[in-house]
Amino acid sequence: MVSPTAYRLSRSILPDHYELTLEPDLRNFTFEGEISITLDVFQPTNLIKLHATELEVTQLDVSIFDGTQIDVKSVNVNEDAENIEIELIETLPVGKANLHIIFTGILNDQLRGFYRSRYENTQGETKFLAATQFEATDARRAFPCWDEPNIKATYKLTVIIPSGLISLSNM
């Protein structure tokens, strides 16, 4: 059993701004995502911990704001605590930093995170769509983030819809 405090994140690093791109695949009920998170680092550290669950990280980079790359020692996914721990080889200094992650996920059918839903159009055909539900702690199912109600940041969201999948006349 995971202790209740294992779900809470440190306040030594906090997000300032997210730039998120999501690309749903409504045929396979999966999605690809890419996120760049501008971080405020308040204490030097070699550990970044953020929320994520049911996501697979395929690429991860960390840099400080002058562009210097910080090498990653390990990435540990803890599905029980619903987080990712990124251990760095070097210490991340106080100031601004950037965390860039490419990831994939599943468009689940549980009405949580980034999920799939279905409907019947006027011709009686079953169609699918992607929707979101991020309260109270389900944003972590859609993208790696600081998913606590009292941690605020700004967002820029882009959703890529492959051509041919949407026909407004069928909605």
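**View 1. Burial of Ser12 in the predicted model.** Ser12 is buried, because its relative accessible area is 12%, which falls under the 20% that sets the limit for a buried residue. The model shown here and in the views that follow is a predicted one.

**View 2. Surroundings of Ser12.** When residues up to four places away in sequence are not counted, Ser12 touches Asp40, Val41, Phe42 and Gln43. The side chain of Ser12 also makes a polar contact, at 2.8 Å, with the side chain of Ser10. Val94 lies 82 residues from Ser12 along the chain, and the C-alpha atoms of Ser12 and Val94 are separated by 9.3 Å.

**View 3. The second largest pocket and its centre.** The volume of the second largest pocket is about 340 Å³. This pocket is lined by 22 residues, of which Phe134, Ala139, Phe143, Asp147 and Tyr155 are the closest to its centre. The elements that give two or more residues to the lining are E1 and strand E11, the latter spanning residues 154-159.

**View 4. Make-up of the pocket lining.** Strand E1 provides four residues, the largest share of the lining of the second largest pocket. Sorted by class, the lining of the second largest pocket comprises 17 nonpolar residues, four charged residues and one polar residue.

Conventions:
Residues numbered from 1 in each chain as written. Predicted model: local features only at pLDDT ≥ 70, side-chain atom pairs only at ≥ 80, totals over all residues. Heavy atoms only, no water. Buried < 20%, exposed > 50% of the residue type's maximum accessible area, 1.4 Å probe, protein only. Contact = heavy atoms within 4.5 Å. Polar contact = N/O pair within 3.5 Å; in protein donor to acceptor, adjacent residues only side chain to side chain. 1 Å grid on protein atoms, 1.4 Å probe; cavity = no way out; pocket = protein on both sides within 12 Å on 5 of 7 lines; lining within 4 Å. Points joined across faces, edges and corners; volume = space filled by probe spheres on them. Nonpolar A, V, L, I, M, F, W, Y, C, P; charged D, E, K, R; others polar.
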